[in-house]
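Work through the exercises below with the sequence and the coordinates at hand. Each task is followed by a solution in steps.

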Amino acid sequence: MTIVPGKTEARRRLQPDRSGVLRQIWQHRADYAYVLPAIAVMLIVIAYPIYYTVELSFFKTPPGLQLRDKTFIGFDNYTTILTSDVFWKVTWNTVVWTLGSTFFSFVLGFGAALALHRDFIGRGVLRAILIIPWVISAVAASYIWKWIYHSDFGIIGAVLVGLGLADRPPNFIDNVSTVLPSLIVVNIWREFPFAMIMMMAGLQTVPEQLLSAAKVDGASAWQRFWHVTFPHLGNVSTVTILLLAVANFNSFIIPWIMTGGGPSNASHIWITHIYELAFGRQRWGVASAYSVLLFLMLMVLGYFYVRALAGNDRKEGSA
Amino acid sequence: MAHVVLKDLVKTYGSFKAVNDVSLTVNDGEFVALVGPSGCGKTTTLNLVAGLIPITSGEIVIGDRVVNDLDPKDRDIAMVFQNYALYPQKSVYKNLAFPLQMRKLPREAIDKKVRDAARVLDMTELLERKPRELSGGQQQRVALGRALVRDPAVFLMDEPLSNLDAKLRVQMRSEIKRFHQDLKATIIYVTHDQLEAVTMADRMAVMNGGYLQQYDSPAQVFAHPVNMFVASFVGSPAMSLVPLQASTANGNTVLTGAEGWQFELSPHNAQKVASAKTKKVVLGARHSTIKLHKSAVPASVPAKAYTVEPTGDVTFVQALLSGAIVNISVSPNVAVAPDEQIWLEFDQERMHLFDGETEMALKVN
Amino acid sequence: MSMIVATAPRDQTRRRMHVDGWRWAGRIFLVFMLLYTALPMIWMLITSIKSGFAAMQFPPQWWPDEPTLASYKKLLDPQNSVGRDFLRFFWNSLLVATATTILSVIVAVPAAYAFSRFTFPGRNLLFFAVLLRNMFPAVIFLVPLFILMRAIGLVNTHGSLVLTYLTFGLPLAIWLLKGFYDNIPVQLEQAARIDGATRFQAFILIVMPLSTPGIIATAIYSFIGAWNEYIYAYTFLSKNDQLTLPVGIQRFFSENTTDFPGLMAASFMMSVPVVVLFLVLQRYFVRALTEGAVKH
């Protein structure tokens, strides 16, 4: 006979605690001291700007930052944006840029992590070299690649001509159809090492015993990867892809330095476009409205981001 | 050394009550074990005594001071943790010296005390090692040493042996017991292993679901469990508990099993059953108080052998009776086969009877 | 038994061929990645030791006929205006990145510790608010921050950059460090508190030394982020003698668009500090990511 673990079990859930949030806050008052500096900095540099941006998006603003002269115009800025052709062009570019960069960065990074997982001579050196593009400044990367893509003296053009694949050096970044893919290649160059590091870290946590068990069960290398390694990396992959997507969606330096959004907006993405509206054409109101729209989109992405991270946190909590 | 008093101790987490109105007194120099299954509140109780978590209500007295609002460092206690909690970056010497440094003792005094403790625990040659270079048993000993150097009022121990292998555990068990006898130390010892509590403690406090179930000497707890939980938790193999139906006919009280068999209770046991409010009675019997017969004898009940486990000295037979499993120990030369028909005879003097509703032990009014 | 012996060899050859196939695919892939990664950097180095004239040739000189360190000499010579500017930018970047790093550690360590250890009301909310900061692009904050900085008199000071960099470095720093603290058994601090330490002493004497690798990783991360940052520096600073390297280089070469050897030399020198720092301390960084972000 199994023992009923005492009537006490049921009893301990009966009385709900009515101590109140305030009392709890008071009891934990010392704990807040630890987070206070972080929160204070965040509030100044985040909460205030967000509030300000939302406010400004409903105003028509004169050029220059003499914002006292702004006039309230309701949703006009938003209608202006949503009815303009540039908006849809830039949005499409942003989608291509974000998805293309994220997908290839992740695939190449994951592939490199897998290939580097087994120990071999020179692995450490190879790994270090592959990480370097991620460490160096995006400004430096932009200039390096701008020189590589150069329409007259670029090395890629010279190689293509030398191999007889082209009559004259192709113009990669001064051409509406090739500029975005060319910039994506640069972005991937800088981003894949991040995916690689994350996935390498993830691979280390795949339990050897499971892989051995699968081997004993007669699984092939591919089957072991597909049934053991890959499912185990689900959480790391989600976090990595989200972090990449957010970073790519928010990237600015590469298109800004390499093309400034040109030619004819072919490489403008949201962020560069907003920057140009605000600081180039001084249309602060429209730029703010753009920012608010961007903000809303990011909230959707952010929902998944927090859920992925929260899932991570919860699992660790129960472990 | 000092005594410890817990008075109506309560700890809640939100609406969850981890510790419910626990009151108990630990006398000066006494070894008390807090024992219970995981999640019963024993470790929480110990942490409350240590001051590592704040109490919700109640009172804790150590020595003659109420320590409710004192920091752990001011309670004059030492604690040994399940995972030893040795500072990994410090050598054994520095681990032992740390509590003394925190109390701002002069360097020579620290050195003397550390070396004394190391000698007592026979680990002088380990002093310069780092914790990760030690075996589990050695780490355990360092943890004990770190508690020892302080000469505290009370020792708190949180499952200190559960990370050791079985052989080492038995050895360390007697070492801790020896340690208690030599120092006349007040010790509160948390464990989920009732055997540790029974073998080491002067008194044991059995906890379940945040409530203190019974607080008495191991012999008393073993002989007179207050309820079914304590009865089944203390002792190995566990006490067998058989749910039966009580009825009275012609002035005799009989218990009826699910299979329809009956047996008559002694007048003393009949009085106990009469005090119960219900007809559902649970019979409790330890393995050594049940006789196994290969054929029907008077006052025996029929059962079916289920598994047979020879251990060398004795053979344990599990039998099916009235829907419950009953443990019986027999001499190894008694041959019983699984599924064999057997007859069981209960010792009326040493059997326990519980109320099937409240699960409390039945007593003569 | 005999059956196993009989079938084993054939089985093994088949498996080896199979495994070898994957291994070869991996090797080819790695060679491809190595070329993709390294060739642009090599081309940067080769260009940087060409003369301006040699760089502007078609087809290009694969290796310069007359290698020269003229570009490097020019950048590092405090006597001429180019070198003076470059060295000043370099110093500014170093100053801003170092200040950011120190402040990040000071702010992130207690916050991460609190998020790991305490369960105060609003803990999760605050934690995710901090993480969410990572989501928002610099551009959203530029205008209001610019106005804010102007209001508190920080425009055209390095203080405006340090304050800003602090916030966008903090989320990941806190997250990484929290992972570290989660892995330090809480019993260590409890033991220290029973041994006579206050909560703060337990933190400083026991926990801090154990989390050094995490702190180093956080520091590298902050330093690299601040060193490479462009957009805020580009917006907040206008005085030439205050620019940091990324902006300074961009300003300078928008005026000298054809000096590619000089540009490549500057890019190289700008990358050296962070690459060296990273390579020396990368094991801490990878470990921090493993323990902080992944191993749950």
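Two residues are in contact if their C-beta atoms, placed from the backbone, lie within 7 Å. The model is predicted, so local features need pLDDT of at least 70 and side-chain atom pairs count only at pLDDT 80 or more, while totals for chains, interfaces and linings use all residues. Residues are numbered from 1 along each chain as its sequence is written, and chains are lettered from A and ligands numbered from 1 in the order in which they are written.

**Exercise 1.** Find how many residues of domain 1 of chain B are in contact with domain 2 of chain B.

Solution. Start from the bounds, which come from an automatic or database domain assignment: domain 1 of chain B covers 4–233 and domain 2 covers 240–355. The centres of these two domains, taken over C-alpha atoms, are 40 Å apart. Next, list the contacts: five residues of domain 1 of chain B meet five residues of domain 2 of chain B. Then sort by class (nonpolar: Ala, Val, Leu, Ile, Met, Phe, Trp, Tyr, Cys and Pro; charged: Asp, Glu, Lys and Arg; polar: the others, Gly among them). The domain 1 side that touches domain 2 in chain B holds three nonpolar, two polar and no charged residues.

**Exercise 2.** Give the strand order of the open five-strand sheet in chain B and explain why strands E15 and E18 each have one side without a neighbour.

Solution. Strands are DSSP runs of E, at least two residues, and helices runs of H or I, at least four, numbered from the N terminus. Two strands pair if DSSP finds at least two bridges between them. The order in chain B is E15-E19-E16-E17-E18, with antiparallel pairing. E15 (290–293) and E18 (324–330) of chain B are the edge strands; each has a single partner strand, so one side of each lacks a neighbour in the sheet. Inside the order, E16 (residues 301–310) and E19 (residues 341–346) of chain B are joined by four bridges in the antiparallel sense. Trp343(B) in E19(B) is the bridge partner of Pro302(B).

**Exercise 3.** Describe the secondary structure and the domain contacts of chain C.

Solution. Count the elements: chain C has 13 helices and zero strands. Four residues of domain 1 of chain C contact seven residues of domain 2 of chain C. On the domain 1 side of chain C, the touching residues are two nonpolar, two polar and no charged. Finally, among contacts in chain C between residues at least 6 apart in sequence, 75% join residues at least 24 apart.
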